[in-house]
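Colleague: I would like to learn how to read a two-chain model feature by feature. Could you take me through one, giving the general idea before each case?

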Amino acid sequence: MTAISRATMDRRRFLTMTGVLTAGALALTACGTDDAPAAKGATPEKITFGVLSISDYMNPLASTTKRVHWVLDPVVESLYTYDAELRSVPLLADGEPEVSADGLTWTIKIKKGVTHHNGDPLTADDVVATIGFVNDPKSTSDWTSFFVGYVKGAKAVDAQTVEIELTTEFGVLRSHLTNLPIVHKDFVERTDTTMGTGPFKLEKVTQGSEVSLTRYDAYHGAKPAVRSLVFQAIPDPATRMVNLREGKIQIMTDVAPESVELLKKDSAVQVHEVDAPSDLITYFVTNKAPFDDVRVRQALAHAMDRKGVRDIVFAGNAQIAQGPIGPSVEGHDAALRLYGEVPDAAKAKALLAEAGMPALKFTLMVTSDTLMKNIGQVLAEGWKQAGIECTLEVLDFSPWVKNWATGKYEMAMTSFESGFGGGDTAFTLLTTMSSKYPLNFGYKNEEVDGLLAQAWATSDDAERAGICKKINGLLAADAIMMPPVHPKLVVAQRKEIESLDAKIMKVSRLSLPSARTY
Amino acid sequence: MVMTRVLPRPRAARLRPPRLSALTWTGLLLLLLFLLLALAGPMFAGDATSRTGETLAGPSAAHPFGTDHLQRDLFARTAEGARVSLLVAVAGVGFGLAVAVPAGLVAGYFGGRWPDDVIMRILEALQALPLFVFALFVIGITGTGDTELGFLTLTSTTKVVLLLGVGFIPYFARVTRSATLVEVQEDYVDSLRVIGVPRRRIIGGEILPNVLPPVLVQAFLWIGVAIFAESALSFLGLGIQPPQPSLGNILGDATSYMLLGAWWYSIIPGLVILVATIGFNLLGDGLGDALDADARH
C-alpha cells in the first residue's frame, strides 16, 4: 500500500514538474536572438553554404535539381559556359562547334591540357561517355528528356574531337551542351561520387548531410582564392537563418519569403532577389474529366488567387503569372493579360455553367514542402469563392513523382529550379506540352506541336524566343499550365565574403565571381 | 438465463461519487477548459480556413489567439484543431479498446493456456515497436496522403486513428488480461461454469462488466497520450494534413515564425496541448486512485 501510494505521488510529482518545465520551455522559446556582429576580414579559407537538402546521389548526370547541382557545379564543367552577359562561350570545348550544312552533325574540339581531379586528361571519350549516358532512356536520368529522340549518338573522332549525330535539326543543343556537365568516363554511372575538371574536387561526402570540396590546384583556369567549400543540409529555414546571422554559414539558399525583410535589416547580410527559372509547375490530366474540357481549366485560371499567393506566400517577392514562361526565361511575354490578379468568381462560374459542371470538385496534388502546402491552401481558398471545391493531397516528393509519372492525379503542382538543365531556354517547361511527350496525359494542340519543333530546331536565340512567346500565349489561353506566380530566387549571404554573381543566378547557378572561369 | 439470476450477484465494481484530491480537481478544470475549446469553440469561431486579411497579427479583441502566416484566425484554427485532435484521440483509443478488450478477456480467461500464449506473444511483438517507429514505418510505406485498400480509402485522419489504436492495443489488452485473471479466480465464475453457463456468456456477460472500470480508467489516461501522440505525428507532417488544422500541424507551421516574433503562434497551441495532456493525466490518475480506494474498501 505504501509502495502504491509512493508510486502515485511520484507520478503526480512527475506530472506537475512536466507541466512546469514545459511551460518554462515554451516561454523561453519565445525569446528572440540578437543580431550577430558582422566579422570583417579577408576572403575566408572556407565558405559554408546552408542548403535545404543535399541529394544522396552525387551524380550530376542523374538529375537536374538544385540538391545536386548547387553542390557539384564547382566540381564539374561543361563544354560551353555562360559569360558575364549569359552568352554561351567555350569552356572545355576548344572553340565553336562545326555544324554540318544539314545541321545534323556537330563536331566539337576538346581543349587540350585539361585534367580531371584524378590526373587523367580530359578526352573525347569522356564527352562520348557522358552523352551516351544521358541519351540512354535506361539511365532514367532527368537529362534524357533533353537528348533522347533528338540525338542519334556521339563518337570520338580522335582523342580531342567529338562528333554528335542528330536525328533532326536541334539548335537548342548548344544550350544543352552549355548546361550538361562532362564527367570522367569511368564515373558516369557512379552515384556515390563524381569526377570532373572543375576548380574544386570532392573531398568528403556525408550522405544527405554534408559535402566538402577542396580547391583543385591543377585547375586549368583561374584558381579561386577560397580553399574549401562546404555544403551543409539544414532543412529548417529558421535554423538556416540563425546560422547565417551568427556567421556559422556564409551563404544561405532557399530563404523563406517571410524572412527576407528580417534579413534585409541585418547589416551583416546581403539578400539577392533574382528573377530566375524558379518555376511553379502545374499539370493536368486532360484525357479524362473534368480537365478534358478547356472551359473548366479556364474557370480554374480565372478563379486563381494569384495576388494571394504573391502577397501571402511570397511576401510580394514574385511576379503575377499569366503563362508558364517566367521573366528570366526566353519567350516571356510581359504584355500578356488573360487572367486577373484576384479570383473572378463570376467569370469562373459562367464558364463552369457553360461546361455543364456548376459544382466542380477536384484534388490538387502538391509536394509536402512548406512552400507548396502554403500555395495549395491559398489557391484552394481562392477557388472556394467561385464555388470550386479543391481538396489538397500532400505527398512526399517520391510518391508525388510516382503519381505524376503514372497519371494518378487530376491537377498537380510542384516547384522546380529549371535553369540547371535548360539554362535560360524554356525547354524544361515547354517540352512536356508536346503531344509526343510520354507524360503529357492528353494535351494535344497541333499548333503548339509545330511551334515546339521549330523552337528546338533553330540555332537563332532571338527566333526561338519569339516562337516560345507564341507557345506561351497558346498554353495560357488553353489554361494547361497555370503557375499562379513566377517566384524569385532568393539567396542570402554574409557581407564579409565576396558578393555572389547575381547574373549567373538568372540561370539558377550560385557562384562567386572569383571562382568562375569563362 | 433463469439460472444465472438465482446465483449471488458477482462483485461488480460500482462507481460511487469519488472523493477527489486537489490535483484531480485541477485536472478536471484543465480538462473542462480543453473540452470547452474543442467542443464549443468551433461553434463560435468562424471558418478555420478563411482569411482575415492580417498576416501574423498578435492577439487582439478581434482575434484573441492572433492570426497565422496565411492570415487565418488562430482561435478558429486552434478550436477546430483541438476538436480534431480530441476526435482522433478518442477514436484511436476506442479502436484500441475494441480490439484489446476482447483479446485481453480471452487471454485472461485462458490464462497460462495456448490462447493466452498466442495472444500475448503477438501483443508483445507489437509492443516491442515504439509507437513513433511504427508510425514512421507505416507512413513511410503508405505516404501521408490517402491510401487505397481495395474498395476502401483510408484518409490521413483515418490512418492516424488506426496507428494510434494499434499502438495502444498491447497496453489495453494487458490491463484487461490482468483484471480478467483476477476475476476468473472468483467463486461466481466457478459457479457459472458448474451450472453450465456458456463460456461466451461468462466472459462477455459477467466478467466484462467487472474488468471494464480499470480498463476505462486506463483508456481515459491514454486519451491524453493520444492527443500528444497525434500532435507529435502531425507536427512531423505525418498526421493530419492541411488545410485541416490539428494542434500538431498548427504547431509545426508555427516553428518557422518564432524568430519573426510571432510567439502566439507557437505558445497558444502548445499550451492547449499541455492543458489537454496534463488534464487527462491528472484526472485519470485521480479516478484510478478513487477506484483503488473503492476496491480496497
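## Reading the model step by step

Modeller: With 9 C-beta neighbours inside 10 Å, G356(A) counts as exposed, and please keep in mind throughout that this is a predicted model. The place of G356(A) is in the loop between α10 (345-354) and β17 (361-367) of chain A.

Colleague: Which residue is 61 residues apart from G356(A) in sequence, and how many Å apart are they in space?

Modeller: That residue is R295(A), and the C-alpha atoms of the pair are 9.8 Å apart.

Colleague: Is L105(B) buried or exposed, by the count of its C-beta neighbours?

Modeller: L105(B) has 24 C-beta neighbours inside 10 Å and therefore counts as buried, the cut-off for that class being 20 or more. L105(B) sits in helix α3 (residues 74-109) of chain B, and once residues up to four places away in sequence are set aside, L105(B) touches T176(B), T180(B), I203(B), I207(B) and L208(B).

Colleague: How should I think about cores?

Modeller: In soluble globular proteins, nonpolar side chains tend to be buried together. Here the largest nonpolar core has 142 residues, and those with the most contacts inside it are L79(A), L300(A), I471(A) and V491(A). The element that gives the most to this core is helix α3 (residues 124-134) of chain A, with six residues. Another core, of 81 residues, lies apart from it and includes A107(B), Y171(B), I227(B) and A276(B).

Colleague: Which residues is V491(A) in contact with, leaving aside its neighbours within four places in sequence?

Modeller: V491(A) is in contact with I251(A), M252(A), T253(A), V255(A), H272(A), L500(A), M505(A) and L510(A).

Colleague: Now to helix packing: what describes a pair of packed helices?

Modeller: Two numbers are used, the angle between the axes and the distance between them. In chain A, helix α9 (residues 306-313) and α11(A) pack at an angle of about 140°, with their axes 9 Å apart, and α9(A) and α11(A) are therefore oblique to each other. The crossing of α9(A) past α11(A) is right-handed. On the α9(A) side the contact is made by G308(A), V309(A), I312(A) and V313(A), and on the α11(A) side by L371(A), N374(A), I375(A), V378(A), L379(A) and G382(A). By class, this contact of α9(A) with α11(A) has seven nonpolar, three polar and no charged residues.

Colleague: What does a pair in chain B look like?

Modeller: Helix α8 (residues 199-235) and helix α9 (residues 247-254) of chain B pack at an angle of about 40°, with their axes 7 Å apart, and α8(B) and α9(B) are therefore oblique to each other. The residues of the contact of α8(B) with α9(B) divide into five nonpolar, five polar and one charged. The loop between α8 and α9 of chain B holds P243(B), which is joined to P242(B) by a cis peptide bond with omega about 5°.

Colleague: How many residues does each chain bring to the contact between them?

Modeller: The contact takes 33 residues from chain A and 33 residues from chain B. On the side of chain A that touches chain B, the largest share, nine residues, comes from α1(A), and by class this side has 17 nonpolar, nine polar and seven charged residues.

Colleague: Finally, what is the secondary structure of chain B?

Modeller: Chain B comes to 10 helices and two strands, and of its 297 residues, 48% count as buried. The C-alpha trace of chain B spans about 75 × 50 × 30 Å along its principal axes.

Definitions and conventions:
Residues are numbered from 1 along each chain as its sequence is written. Chains are lettered from A and ligands numbered from 1 in the order in which they are written. This is a predicted model: local features need pLDDT of at least 70, side-chain atom pairs count only at pLDDT 80 or more; totals for chains, interfaces and linings use all residues. A nonpolar core is a set of buried Ala, Val, Leu, Ile, Met, Phe, Trp, Tyr and Cys residues joined through C-beta atoms within 7 Å. A residue is buried if 20 or more other C-beta atoms lie within 10 Å of its own, exposed if 12 or fewer, and partly exposed in between; C-beta atoms are placed from the backbone. Helices (H or I, at least four residues) and strands (E, at least two) are DSSP runs, numbered from the N terminus. Two residues are in contact if their C-beta atoms, placed from the backbone, lie within 7 Å. Ala, Val, Leu, Ile, Met, Phe, Trp, Tyr, Cys and Pro count as nonpolar, Asp, Glu, Lys and Arg as charged, and the others, Gly among them, as polar. Axes are lines fitted to C-alpha atoms, for helices over the stretch in contact, and angles run from 0 to 180 degrees between N-to-C directions. Angles under 35 degrees count as roughly parallel, over 145 as roughly antiparallel, 65 to 115 as roughly perpendicular and the rest as oblique. A crossing is left-handed if the near helix is turned anticlockwise from the far one by less than a right angle, and right-handed if clockwise.
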